[in-house]
2 protein chains.
Amino acid sequence: MTSPSATQDRYPHQNEPIWSRSEKTIARKAFDAALGRELHEVIQETQKMASQIQQSSDLWDLEHYLTQRRKEIDRKYDYRYSHLTLILGKLMHEGWLGEEELHGLREEKLKSIRSTGEFLAKEWT
Amino acid sequence: MTSPSATQDRYPHQNEPIWSRSEKTIARKAFDAALGRELHEVIQETQKMASQIQQSSDLWDLEHYLTQRRKEIDRKYDYRYSHLTLILGKLMHEGWLGEEELHGLREEKLKSIRSTGEFLAKEWT
């Protein structure tokens with residue numbers, strides 16, 4: 001963890017990076033685009049599963065799938081500046097977000113986002 | 001409630017009607033057929049809802065619909081002889097079962113099933 005003396009660009013009481021107005025706009029747009037893509041995938045998978053329903057267990061499998069995805073999406077897309085670099089890093093790692101969409105963020109934040117992505121990539125290989 | 005002295009055709013300790021082997025076969029077949037029809041309707045409605053999904057709220061509406069129907073079906077299709085006439089009456093009232101499917105049950109049971117159906121019909125009009 002960074003010591004308080006090294007946090008000139010952070011809120012001293014929370015040790016959080018400061019997001020400028022333009023950075024907030026960029027991050028929000030990227031976040032919303034990633035969410036839209038992930039939801040689009042859930043819609044497509046739902047329609048595929050629904051079209052293949054043959055028996056009652058397929059119905060409850062679809063229900064279970066929807067419940068799991070809703071909970072996962074609710075948990076993941078929690079837009080708070082205090083951990084936004086982690087969220088964006090995770091979304092990049094999962095392929096919902098391209099780095100080019102974050103163009104305009106300060107290098108410090110991009111580094112933090114990339115490093116989260118790299119950490120997750122190592123964890124899952 | 002019927003007094004113990006009037007329950008010659010019942011299990012004395014539970015006040016339940018006795019189901020003969022052939023009546024059990026008829027009841028089970030009718031029960032399964034009703035369940036099959038209800039599930040078929042849920043499958044059709046699910047496929048219709050899925051094909052019309054436009055946005056995330058439609059996904060969670062489908063999830064909610066499936067959860068509600070699963071719970072309702074689980075609750076309703078509880079095959080126990082102790083209240084089978086009530087269940088069959090309810091299924092007839094809801095249109096999942098035709099009286100002709102119960103042909104072969106003793107008149108006493110048919111009366112009980114019809115009377116449940118009539119009671120529910122009055123309750124909901």
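**How chain B meets chain A**

Six residue pairs are in polar contact between chain B and chain A, counting pairs where both residues have pLDDT 80 or more. The model is a predicted one. Helix 1 (21–51) and helix 2 (56–76) of chain B each supply at least two residues of the side that touches chain A. Helix 2 of chain B gives the most to that side, with nine residues. By residue type, the side of chain B that touches chain A divides into nine nonpolar, seven polar and three charged.

Now the symmetry. Two copies of a chain are related by a rotation about an axis and a shift along it. Here, chain B can be laid on chain A by a turn of 180° and a shift of 0.0 Å along the axis, with an RMSD of 0.0 Å. That is the relation of a two-fold axis. Where does chain B come nearest the axis, judged by C-alpha? The C-alpha is that of Glu63(B), 2.7 Å from the axis. The same surface serves both copies, as 100% of the contact residues of chain B recur in chain A.

Next, the extent of the contact. Chain B puts in 19 residues, and chain A puts in 19 residues. Between them, chain B and chain A bury about 1600 Å². Of that area, 76% is on carbon and sulfur atoms. Which residues of chain B lose the most area to chain A? They are Leu59(B), Trp60(B) and Glu63(B). Together they account for 32% of what that side buries.

Charged pairs also cross the interface. The count between chain B and chain A is two salt bridges. One of the partners is Glu63(B), which forms a salt bridge with Arg70(A). The closest N and O atoms of this pair are 2.6 Å apart.

Turn to Glu63 on the other chain. Glu63(A) is found in helix 2 of chain A, residues 56–76. Is Glu63(A) buried or exposed? Its relative accessible area is 6%, and buried means under 20%, so Glu63(A) is buried. The side chain of Glu63(A) makes a polar contact with the side chain of Arg70(B), at 2.6 Å. What else does Glu63(A) touch, leaving aside its neighbours within four places in sequence? Glu63(A) is in contact with Glu63(B), Leu66(B) and Thr67(B), as well as Arg70(B).

Notes: Residues numbered from 1 in each chain as written. Chains lettered and ligands numbered in written order. Predicted model: local features only at pLDDT ≥ 70, side-chain atom pairs only at ≥ 80, totals over all residues. Heavy atoms only, no water. Least-squares fit on C-alpha atoms with pLDDT ≥ 70 in both. Contact = heavy atoms within 4.5 Å. Buried area = accessible area lost by both parts, 1.4 Å probe. Salt bridge = Lys/Arg side-chain N within 4 Å of Asp/Glu carboxyl O. Polar contact = N/O pair within 3.5 Å; in protein donor to acceptor, adjacent residues only side chain to side chain. Helix = DSSP H or I, 4+ residues; strand = E, 2+ residues; numbered from the N terminus. Nonpolar A, V, L, I, M, F, W, Y, C, P; charged D, E, K, R; others polar. Buried < 20%, exposed > 50% of the residue type's maximum accessible area, 1.4 Å probe, protein only.
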